[in-house]
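Q: I would like a close look at a single part of this model, the open sheet and the side chains around it. Please take it step by step and state the criteria as you go.

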Amino acid sequence: MAQSDIPVPDHVQWWLAHEGCGALVWDGETGAVLGANTRVQHWLAGADRRWTPGEESVRDVFGLAFGTTPADLAAWLGAQAPREQRVSRPGRADVRVVLLTWRLTEPRPLWATLVLDLDVVQPRSRPGEATAAHMELLYQRSPLMYFTVGVDGRIIGVNRTGLEQLGYARDELVGRPVADVFHPEDRDAARRQVALGFREPETTHAWELRKCRRDGAVLWVEEWARAVPGPDGTAELLVVCQDITARRAAEQALRDSEARLLQAQKQEALGRLAGGIAHDFSNLLTVVLGHCDAVRQMLPRESPVLDEVQGIREAAQQATNLSRQLLTFSRRQVVQPEPLQLDDVVARMTPLFRRLLGARIALDVVWAPGLPRVLADPGQIEQVLTNLVVNARDAITDAGTVRIVSSLVSASTCADDTGIAAQPGRTYLCVSIRDDGAGMTEEVQRRAFEPFFTTKADDRGTGLGLPTVLAIVTQAGGGMAIVSAPGEGCDVRVYLPTIPVTASQVPVLPDPRTLPGGNETILLVEDREAVRRVAQRFLVRRGYRVLEAENAEQALEVAATHSHEIDLLLSDVILGGMDGYALAVTLTNRLPGLRVVLMSGYPSEMLTRAAGVGPVFPFVNKPIDFPTLAQLLRDQLERSQP
């Protein structure tokens, strides 16, 4: 035996030491033959060729020994089931060979090929005994599973590999219906395939089904079957099986990865669309809110029209929350926690929940009175509640009820239920969303918060709802728990830490007549004319002198002309050409002491733009709350020089 310095599995070593057939091991990447037995050496000696391990390619060996062409060789080495072939050796008569190639379980791509010369194992002068011995050897030592099945569907024979891979003893399989070793869901298909093999004896049939090991483990197998005559002339089905469990798992993992990538791409596209809509929507709402505040300032305090204006303003504020939800979906929203009375949030969203649930599902809200507030982002809490209500709806197949229940619990109760490190001595508000739907298995509960895991149909679920909800709740300092069982519905509990109630938490709408103002000069940069106009009027009413520009380039020209007059730059971030952040950096470098306030529908993009290496300027979100803007301007203008 000739062999290079490589680790070769024991069963391959056995073949390399065997004299009954040719055996060689070769590198799948380079084609170099790394080991061969003496029969291969004998074939090469007949071709006047000496061979050294690693210096001959598998193509050279087969070409010299059998005169194969590259096309023949590709067919031979691609045969992972026994393949009979007639070949012509140089200077000798044609011979018949049986070839079998399989991949070795090594870190590198190594392959083994066996070549059985039928004219040696079946010499015409010695029929019978040698053939049986060698074919039995091939049958038992093959890396593939072999089964022989009778016309009654029962197993007649199985090789050692089949017994080892399925974990059975021979007497546990022989005589047993072959369908018994298949997965229960695949047994009917196995019976049909066996019957088809006997009906069409001239055809080699192939299929992929699942087999079950004795210990219950499931194997995916690829099988080839063909009818052959038995010892007594009765037809038998020879079935060759290859374990493809790892291959199927890899293929499924690839499909899952592709599906997740496609879903992520869809989410990204929807996020970009939502972000763009939210940006334009915010500009329109800025105009509406600005005109509302202007009208409120112009009307006398006793005017009945003030109530109508206030109704418009409240509707615009609700639309502002919708804009923030769109920004959250597009992941362009900066989290802005504030004290929240959750019962107010639930009450405001109850009409939406009823529409989402439809006529067949009832909504029952049980809110304990006098509960303290929590510190959270309003838009994100609305997203949490909406996601959980929709999940509860989808779990109910027919009629049912979704219940939203609140309670106040201790830190230890929260920690026991969620596993989080709750703050000792602090109380937690628990919001429970219960449904009387199908419920969850333990496996589904364990995986419920995994990204992209979903039990819904492809067109109804992305697997991102609960992970997003958990991320929001965790960021707010809380935790979540799921209690469910098949057929018993589901209870999803959200825990949020409470904050003390103080008088300062009661929101008071500022009177526009008392908003702060000044006589400084402000450079206003905004590319939307309607937004620029309403902002300019608001600033003028506050007493400021306003210089306007619709883009950064105009702003630089105005600043060059009025460089000693400008006290503050008020600019949108998203502008055509140079953006507002770059403009602010440029002007503060040119005009030391210049104050800056930026306006942004994408505040997270503005912060990312700074990236921790540039200045971070104060900003107001769009749609602009003008009382907030008025106070921020005074704070910046009255701020002492650094």
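A: Two strands are said to pair if DSSP finds at least two bridges between them, the strands (E, at least two residues) and helices (H or I, at least four residues) being DSSP runs numbered from the N terminus. The model is predicted, so local features are reported only at pLDDT of at least 70 and side-chain atom pairs only at pLDDT 80 or more, whereas totals for chains, interfaces and linings use all residues. Residues are numbered from 1 along each chain as its sequence is written, and side-chain values use heavy atoms, with hydrogens and water left out.

The sheet is open and consists of five strands in the order β8-β7-β11-β10-β9, with antiparallel pairing. Because β8 (155-158) and β9 (205-212) stand at the edges with a single partner strand each, one side of each is left without a neighbour in the sheet. Neighbouring strands are turned by 30° against each other on average, with direction ignored; the axes behind this angle are lines fitted to C-alpha atoms, for helices over the stretch in contact, and angles between N-to-C directions run from 0 to 180 degrees.

Within the sheet, β7 (residues 145-149) pairs with β11 (residues 235-243) in the antiparallel sense over five bridges, and V149 has L237 in β11 as its bridge partner. In general, strands of a sheet pair through backbone hydrogen bonds, either parallel or antiparallel.

Turning to side chains, the charged end of K211 sits over the ring of F147, 5.2 Å from its centre; the criterion is that NZ of Lys or CZ of Arg lies within 6 Å of the ring centre and within 35 degrees of the ring normal. By the same criterion, R248 lies over the face of W220, at 3.6 Å from the ring centre.

As for the nonpolar cores, each is a set of buried Ala, Val, Leu, Ile, Met, Phe, Trp, Tyr and Cys residues joined through side-chain atoms within 4.5 Å, where buried means under 20% relative accessible area, exposed over 50% and partly exposed in between, with a 1.4 Å probe and protein chains only. The largest core has 38 residues, and L342 and L388 have the most contacts inside it. Apart from that core lies another, of 25 residues, and among its members are M145, F147, A225 and A227.
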